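Hi,

Here is the structure you asked about. Please open it alongside this email; my notes follow below.

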Amino acid sequence: MIVAEHLTKRFGPVTAIDDVSFEVRRGEIVGFLGPNGAGKTTTMRILAGVFPPTSGRAIVAGYDVVADPLRARRMVGYFPERISLYLDMTVREYLQYAADMKDVPPAQQKTAIAEAARACGIEDVSHRLIGTLSKGYRQRVGIAQAILGAPRVLILDEPTAGLDPEQVSEIRSLIRQLRGDRTVILSTHVLPEVEATCERVIIINRGRILAVDTLQGLNERLRPRGQVHMEVEGPERDVVARLSEIPGVVQIDRCGASDHAVTMVVSTSGEEDLRPSLAEAVVQAGWRLREMRAVTLSLEDIFLTLVAKGGSSHPA
């Protein structure tokens, strides 16, 4: 649904993005993650048809954003990083204006506007001038115009910036509800944003793509071996000795011991999941297994690892 092929954008001597390539499949919600200044907004603007790339190609819903810009734009609902709203319009007037600009058929406009307003929680302020609204409500109005008319592709650039925690939760819920129905690319520098809403992640830094994958895929790729967190009621020395005998266990790091229990991280080699063998060993020894879970890298860990490595993960 979205294809970026070797996108490069230069502003004079400054290269904002360099050889950016990725795909977003139909119905996916993909997070575009990177620090401020990484190149997220430049990429989003190219996809939305705001300006062309210096080189490379972008395809949205089958249309080249440079060769066929009008058709490409009709497929897109775009929420820019800095939304410009007409402050002297009411919310309803603005959404009506947006519906006209998007060529929503007149017979469908009333329903489309009502659905967008309801989805974004702005029904109660639809009669008010936009200039009287808080920043959070202005964000909602901007998102409402993006989803108005049910575009096939949504490009959302920092959609929860400036919202309070309750509003952030509501917008995340709204985005999750679009899964399968719309294709969404969501840019952010807030790590929980991606973890809460997205199926895959594109990580960019200094204008170059570092990785395109699921969080699970990145974990498997970047973590050199499996790790299992365990808490076992039993003699510390005996527990460690028994688990160390299991084939595939390469290291046990004790995190602490208290109340006749030992807490540890068991590192394993290979792709085999050793949790059944570990649990069986504990039960057979007559000990009690309080906790056992796979240890995964957080999105922050993944990002910092990729930045340190300079990016070596291939797109999935």
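**The largest pocket**

The largest pocket holds about 790 Å³ of space. This is a predicted model: local features need pLDDT of at least 70, side-chain atom pairs count only at pLDDT 80 or more, and totals for chains, interfaces and linings use all residues. Residues are numbered from 1 along each chain as its sequence is written, and side-chain values use heavy atoms, with hydrogens and water left out.

A pocket here is an open set of points on a 1 Å grid over the protein atoms alone, where a 1.4 Å probe fits, with protein on both sides within 12 Å along at least five of seven lines. Lining residues have an atom within 4 Å of a point. Grid points are joined across faces, edges and corners, and the volume is the space filled by probe spheres set on the points.

The lining of the largest pocket has 27 residues. Nearest its centre lie Arg73, Val76, Met101, Lys102 and Gln145. By type, the lining has 17 nonpolar, 5 polar and 5 charged residues. (Nonpolar: Ala, Val, Leu, Ile, Met, Phe, Trp, Tyr, Cys and Pro; charged: Asp, Glu, Lys and Arg; polar: the others, Gly among them.)

Helix H2 (69-74), strand E6 (76-79) and helix H3 (91-101) each supply at least two lining residues. H3 gives the largest share, 4 residues. (Helices, H or I with at least four residues, and strands, E with at least two, are DSSP runs numbered from the N terminus.)

**The sheet**

Four strands form an open antiparallel sheet, in the order E2-E1-E4-E5. (Strands pair if DSSP finds at least two bridges between them.) Strands E2 (14-24) and E5 (63-64) are the edges, each pairing on one side only. E1 (residues 2-11) and E4 (residues 55-60) pair over 5 bridges. Glu5 stands opposite Arg57 in E4.

**Helix packing**

The axes of H5 (residues 135-147) and H6 (residues 165-177) come within 11 Å and cross at roughly 10°. (Axes are lines fitted to C-alpha atoms, for helices over the stretch in contact; angles run from 0 to 180 degrees between N-to-C directions.) So H5 is roughly parallel to H6, a label for angles under 35 degrees. Gly136, Tyr137, Arg140 and Ile143 in H5 meet Gln167, Glu170, Ile171 and Leu174 in H6. (Contact means heavy atoms within 4.5 Å.)

Best wishes

Methods
Angles under 35 degrees count as roughly parallel, over 145 as roughly antiparallel, 65 to 115 as roughly perpendicular and the rest as oblique.
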